[in-house]
Amino acid sequence: MLDMLNKIVANPKRFKNYIAGELRDAQDGSVIERESPAHGAVVSIYPQSSTSDVEAAIEAARQSFDAGEWAFRYGGERATLLSTVAQMIRENVEELALIETLETSKPLTVSSGEILFAASLWDYAAGAARTLHGDSHNNLGPQMMAMILREPIGVVGIIAPWNFPLLILSERLPFALAAGCSVVVKPSEFTSGTSLKLGEYLKAAGLPAGVCNILAGYGDPVGQAILDSDKVDMVAFTGSTGVGRRAIAASAGNIKKLSLELGGKSPSVVFADCDMNAAVDGVLKAANVNMGECCIAGSRLLVEESIADAFNQRLAERLKDLKVGDPFDPASRIGAIINQRQFDQIKSYVAVGIHEGASLVCGGDLTGYEGLFFPPTILADVRPEMRIAQEEIFGPVLTVMTFKDRDEAIKLANSTDYGLAAYIWTNDISNALFCSRHIQAGRVWINSALDGFPELPLGGFKRSGNGRETGRYGIEEYTELKTVHMHMGLQSERWVTDV
Ligand code: NAD
């Protein structure tokens with residue numbers, strides 16, 4: 001292990017942008033060096049793209065879309081190409097997982113699982129490329145018919161975050177390509193490696209030049225240029241609510257469509273009649289997967305008052321078994337936090353919570369933890385108006401509130417500005433279904449946590465965003481509808497005069 005790390009550190013991986021069908025460095029030769037959060041050494045070197053790089057990428061996408069080669073291509077051919085990429089992802093799972101673990105610090109087994117899931121998203125999108133179709137109306141009278149065509153929306157900008165690099169991109173990119181769009185992708189400056197590898201695969205698979213462009217760089221100027229460009233017809237943005245608001249402001253320029261996947265503060269709602277072991281495990285998983293740096297993290301536990309003490313105790317006991325440490329150690333379930341800024345944010349939220357009157361059930365204390373490793377933390381006696389109950393912490397911190405009955409549980413569940421996900425733990429199916437209808441969230445899990453399928457849509461209510469990705473809705477998101485009115489035979493009436 002140490003040998004492997006030493007080799008990587010001595011020779012960090014270098015990546016290139018994929019623009020206009022070519023693998024390129026940044027025009028001015030600048031680079032971004034990415035340090036592994038767990039090891040503190042440079043592991044990846046990406047191009048640091050500038051305005052001229054992003055303009056070239058947008059122009060290439062625009063020209064390719066307007067030329068229509070990909071947009072008008074038979075869906076079956078688009079499907080073949082997307083399936084080829086799925087296969088390449090699978091064949092390279094070890095390399096891709098290694099890159100993601102080095103750049104994000106998620107445990108290696110988790111990275112491998114995510115890469116394989118990403119491949120299945122490309123497969124699903126390949127199927128969707130074949131089945132995408134429009135509609136027709138033949139009940140408009142004897143001489144009228146209409147067709148509803150589904151057309152690709154145009155040039156799509158995809159701006160992605162750092163927490164699930166290839167996975168989040170694969171929830172969007174293959175769907176946009178399946179619909180016939182041309183695309184400009186900007187991955188996070190912290191985790192661009194696997195996204196840039198995709199450029200290599202798309203080139204090798206024979207994607208026409210300019211249809212997909214992937215370039216690394218900072219939010220400003222690269223992401224901002226995509227948001228601002230009049231040549232971009234839609235932006236799929238995944239990230240913080242703050243940048244989401246910038247996207248909304250920038251979209252006013254050419255009225256571009258936005259699909260926004262933003263923050264969350266999702267509740268795990270635990271009723272007294274649940275299976276206690278399953279619920280404890282599920283609550284811990286929902287709160288701590290990916291070091292809690294997960295948009296759908298179950299970061300608020302709402303537990304029925306009668307079992308709260310016993311439940312909290314079980315959570316704390318189980319947390320003792322959760323190993324925090326080197327993501328290459330197969331025993332580790334929790335790696336390091338993505339960067340110093342995020343680490344400081346988590347630390348300060350724990351302090352704010354205690355200052356606001358929350359009590360520490362476990363974690364919080366950094367003694368014995370080095371670098372960017374942060375222990376899973378549980379804060380109880382939380383009130384809904386506290387900042388730690390309202391704001392996204394994006395770290396392994398679970399806040400606990402109690403409820404007396406279902407009405408109060410639903411009220412608490414809905415008491416934030418967000419609405420991305422919810423987890424319900426009960427053995428009463430009517431109760432579970434009632435809650436799933438009344439909790440405002442784009443996704444609800446009943447007696448399970450975080451399992452996902454390419455077939456199912458994802459997205460948020462309220463300030464968690466709008467639009468849906470993946471599944472049938474995911475490909476439709478990247479299309480425009482065009483209505484074609486058709487009259488059969490000569491019209492009997494003239495609007496001006498008979499001629
Ligand atoms: P972020 O908003 O800081 O960055 C996201 C992306 O936007 C990055 O690629 C970044 O470079 C880019 N960006 C930054 N400034 C920009 C600008 N001015 N113009 C255009 N692009 C810009 O978010 P992050 O720190 O990468 O990710 C964490 C946040 O993302 C959390 O709030 C989390 O909830 C959210 N997130 C949501 C989902 C979801 O599906 N809902 C998924 C993952 C992350």
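The lining of the largest pocket takes at least three residues from domain 1 (2-262 + 464-483) and at least three from domain 2 (267-446). The domain bounds come from an automatic or database domain assignment. The model is predicted: local features need pLDDT of at least 70, side-chain atom pairs count only at pLDDT 80 or more, and totals for chains, interfaces and linings use all residues. Residues are numbered from 1 along each chain as its sequence is written, and side-chain values use heavy atoms, with hydrogens and water left out.

The chain is divided into these two domains, and their centres, taken over C-alpha atoms, are separated by 31 Å. Across the boundary, 24 residues of domain 1 are in contact (heavy atoms within 4.5 Å) with 24 residues of domain 2.

The volume of the largest pocket is about 1,100 Å³. It is lined by 46 residues, of which Phe164, Lys285, Val289, Leu450 and Asp451 are the closest to its centre. A pocket here is an open set of points on a 1 Å grid over the protein atoms alone, with protein on both sides within 12 Å along at least five of seven lines; a cavity is a set of points where a 1.4 Å probe fits but cannot get out; lining residues have an atom within 4 Å of a point. Grid points are joined across faces, edges and corners, and a volume is the space filled by probe spheres set on the points.

Helix 5 (108-131), helix 6 (165-170), helix 11 (276-288) and strand 20 (443-446) each give at least two residues to the lining of the largest pocket. Helix 5 gives the most, with 6 residues. Helices (H or I, at least four residues) and strands (E, at least two) are DSSP runs, numbered from the N terminus. By class, the lining of the largest pocket has 25 nonpolar, 9 polar and 12 charged residues. In this scheme Ala, Val, Leu, Ile, Met, Phe, Trp, Tyr, Cys and Pro count as nonpolar, Asp, Glu, Lys and Arg as charged, and the others, Gly among them, as polar.

The second largest pocket has a volume of about 890 Å³. Trp162, Phe237, Gly239, Ser240 and Val243 are the closest to its centre among the 36 residues that line this pocket. The elements that give two or more residues to its lining are helix 9 (219-228), strand 11 (234-238), helix 10 (241-251) and helix 13 (340-355), and helix 9 gives the most, with 5 residues. The lining of the second largest pocket divides into 14 nonpolar, 14 polar and 8 charged residues. Because domain 1 and domain 2 both give residues to the lining of the second largest pocket, this pocket lies between them.

A search of the whole structure finds 2 cavities of 30 Å³ or more. The largest cavity has a volume of about 70 Å³. Its lining has 13 residues, with Gly292, Ala297, Ser299, Glu392 and Phe394 the closest to its centre. That lining holds 7 nonpolar, 4 polar and 2 charged residues. The second largest cavity has about 60 Å³ of space. Of the 16 residues that line the second largest cavity, Pro267, Ala413, Tyr418, Gly419 and Gln440 are the closest to its centre. Strand 18 (418-419) and strand 19 (421-425) are the elements that give two or more residues to this lining, which has 8 nonpolar, 5 polar and 3 charged residues.

The largest nonpolar core has 86 residues, and Leu173 and Leu202 have the most contacts inside it. Such a core is a set of buried Ala, Val, Leu, Ile, Met, Phe, Trp, Tyr and Cys residues joined through side-chain atoms within 4.5 Å. Buried means under 20% relative accessible area, exposed over 50%, and partly exposed in between (1.4 Å probe, protein chains only). Helix 5 supplies the largest share of this core, 9 residues. Both domain 1 and domain 2 give residues to this core, so it lies between them. Not counting residues up to four places away in sequence, Leu173 touches Trp122, Ile158, Val183, Val185, Leu198, Leu202 and Cys212.

Two single residues complete the description. Ser111 is found in helix 5 and counts as buried because its relative accessibility is 0%. Leu366 sits in the loop between strand 15 (359-362) and strand 16 (377-380), and at 22% relative accessibility Leu366 counts as partly exposed.
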